[in-house]
Amino acid sequence: MVLHELGAKINEAFRKLSKESDIDEKVLDAILKDICTALLTSDVNVMRVRELRDNVKKSVNIEELGATANKKRVIEKVVFEELCNLVDPGVQAWQPKKGKFNVIMTVGLQGSGKTTTCTKLASFYHRKGWKIGLVCADTFRAGAFDQLKQNATKAHIPYYGSYNEADPVQIAREGVEKFKQEKFEIVIVDTSGRHKQESQLFDEMTQISNSIDPDNVIFVMDGTIGQSAEAQATAFKDAVNVGSVVLTKMDGHAKGGGAISAVAATKSPIIFIGTGEHVHDIEKFSARPFISKMLG
Ligand code: GDP
C-alpha cells in the first residue's frame with residue numbers, strides 16, 4: 001500500500017468513529033485494528049505498529065473523555081501524534097554552521113540513490129548561498145567518479161576525485177583538505193555502496209570516517225525497500241555514527257512505511273526525501289507536515 005493509500009485507510013477508520021453514537025473500548029480497538037493493519041500493509045515494522053497501538057491505548061482513557069464528539073477528537077489527535085512520533089525520533093537534525101568548515105559523509109548501499117542525493121544536497125545548499133564542494137571517494141564502482149563529475153558539472157558544483165588513486169581513504173582525505181584550504185564552507189564526501197564483501201564495505205566506511213572525522217554522516221536509503229529497511233538501517237548505524245537520513249525514491253509508488261519505521265529504530269532524523277531523478281527533486285522533511293499531507 002503506497003503512502004496516500006495508507007492515509008486514506010486511516011481516514012476511513014476515523015470516519016467509522018464519526019458514525020458511532022457511543023465510542024467505547026471495543027470501538028477504539030476496532031479502529032486501532034484497522035489502522036494497524038493499514039500500517040503493516042505499508043511495511044511499517046511490526047514492533048513500531050505495536051508500540052503505536054499500545055501508546056494510543058495508554059493515552060486514551062475512554063471513560064474520562066465525556067461526550068462522543070470529544071472522544072473522537074481526542075482519539076484522532078492521539079493517533080496523529082503517534083504517527084508523527086513514528087517518523088520523528090525527537091532528535092534535533094544536524095545543521096551546517098556558518099564560519100566553520102562542515103564535513104558531511106554519505107553512506108548507503110549501491111543503487112540507493114546516494115550519488116544522486118549528494119548532488120541534490122550540494123545544489124540545495126549552493127542555492128542557499130553556501131560554498132560547497134563534492135568529493136567522490138568511491139573507487140570500487142567503475143564510473144562512480146564520472147557520474148559524480150557529470151552531475152556536479154551540471155549543477156555548477158566544484159568536485160574532487162581521481163581516476164588513478166585506488167585508496168578511497170586517501171581520496172577522501174585529500175578532497176576534504178583541498179576544499180578546506182580553499183575556504184569552502186561545506187564538503188560532501190560520497191562513499192562506495194558495494195564491495196566484494198559487506199564487511200569490507202563497512203570497514204572502508206569506518207576508515208574514511210576515522211580519517212575525515214565528519215560533522216554529519218548521512219545515511220541514504222531507498223524508500224521503497226520495505227521490511228528489509230530496519231535491518232539495513234541498523235547495520236549502517238552500528239558501523240558508522242549515522243546522524244541523519246535521506247529517503248530516496250519517495251515519488252511514484254513508494255510504500256515508504258518500511259523505510260520510515262526503520263528510521264525510528266535508528267533514532268536519526270530524516271532530513272530530506274528524494275522525489276525524483278532530477279537534481280531539484282528533493283524536499284526538506286518535517287514529520288508533522290508529512291503526516292498531515294499523507295492524511296490529506
Ligand atoms: P548510488 O549507487 O546509491 O550512488 O545510486 P545513484 O545515485 O546512481 O542512483 C541509482 C538510481 O536511482 C538512478 O537511476 C537515479 O536516477 C535513481 N534515483 C536516485 N534518487 C531518486 C529519487 O529520489 N527518485 C527516483 N525516482 N529515482 C531516484
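Biologist: Which residue forms a salt bridge with lysine 72?

Modeller: Glutamate 76 does, and the closest N and O atoms are 2.7 Å apart. Bear in mind that this is a predicted model.

Biologist: Where do lysine 72 and glutamate 76 lie?

Modeller: Both are in helix H4, four residues apart, which is about one turn of the helix. Lysine 72 is partly exposed, at a relative accessible area of 23%. Glutamate 76 is partly exposed too, with 23%.

Biologist: How many salt bridges does the count come to?

Modeller: The count comes to 15. One of them joins the side chains of lysine 178 and glutamate 182, at 3.2 Å from N to O. Lysine 178 is partly exposed at 27% relative accessibility, and glutamate 182 is partly exposed with 37%.

Biologist: What about lysine 249, what does that form a salt bridge with?

Modeller: With aspartate 222; the closest N and O atoms are 3.3 Å apart. Lysine 249 sits in the loop between E6 and helix H10 (257-266), while aspartate 222 is in strand E5 (residues 216-222), so the pair ties together parts 27 residues apart in sequence.

Biologist: Aspartate 222, buried or exposed?

Modeller: Aspartate 222 is buried, with a relative accessible area of 13%. Lysine 249 counts as partly exposed, at 34%.

Biologist: Which residues are linked in a network of salt bridges?

Modeller: Glu25, Asp29 and Lys57 are linked that way.

Biologist: Switching to the fold. How many helices and strands does the protein chain have?

Modeller: There are 11 helices and eight strands. The chain has 296 residues, and 51% of them count as buried. Along the principal axes, its C-alpha atoms fill a box of roughly 75 × 40 × 30 Å.

Biologist: In what order do the strands form the sheet?

Modeller: The order is E3-E2-E4-E1-E5-E6-E7-E8, in an open sheet with mixed pairing. Strand E3 (159-160) and E8 are the edge strands, each pairing on one side only.

Biologist: And how many bridges are there between E1 and E4?

Modeller: Five, with strand E1 (residues 102-107) and strand E4 (residues 186-191) pairing in the parallel sense. Within that pair, threonine 106 has aspartate 190 in E4 as its bridge partner.

Biologist: Now E7. Why is it largely enclosed by the rest of the structure?

Modeller: Strand E7 covers residues 270-274, and five of its five residues are buried, so the rest of the structure largely encloses it.

Biologist: Parallel or antiparallel to E8?

Modeller: Antiparallel, over three bridges, with strand E8 covering residues 282-284. Isoleucine 273 has glutamate 283 in E8 as its bridge partner. With strand E6 (residues 242-248), E7 runs parallel, and three bridges join the two. There, valine 246 stands opposite phenylalanine 272 in E7.

Biologist: Surface next. Which residues form the negative patch?

Modeller: Glu20, Asp24, Glu63 and Glu64 form it. Glutamate 63 is in the loop between helix H3 (46-59) and helix H4 (68-87). At 67% relative accessibility, glutamate 63 counts as exposed.

Biologist: Which residues form the nonpolar patch?

Modeller: Leu40, Val46 and Met47, with about 240 Å² of accessible area together. Leucine 40 belongs to helix H2 (residues 25-41) and is partly exposed, with a relative accessible area of 35%.

Biologist: Last one: where is proline 168 found?

Modeller: In helix H7 (residues 168-181). Proline 168 is buried, with a relative accessible area of 8%.

Terms used: Residues are numbered from 1 along each chain as its sequence is written. This is a predicted model: local features need pLDDT of at least 70, side-chain atom pairs count only at pLDDT 80 or more; totals for chains, interfaces and linings use all residues. Side-chain values use heavy atoms; hydrogens and water are left out. Patches are made of residues with over 30% relative accessible area and no salt bridge: like charges are joined within 9 Å, nonpolar side chains (Val, Leu, Ile, Met, Phe, Trp, Tyr) within 5 Å. Accessible areas come from the Shrake-Rupley method with a 1.4 Å probe; for residues, only the protein chains shown count as cover. A salt bridge is a side-chain nitrogen of Lys or Arg within 4 Å of a carboxyl oxygen of Asp or Glu. Lys and Arg count as positive and Asp and Glu as negative; His and the chain ends are not counted. The place of a charge is taken as NZ of Lys, CZ of Arg, CG of Asp or CD of Glu. Buried means under 20% relative accessible area, exposed over 50%, partly exposed in between (1.4 Å probe, protein chains only). Two strands pair if DSSP finds at least two bridges between them.
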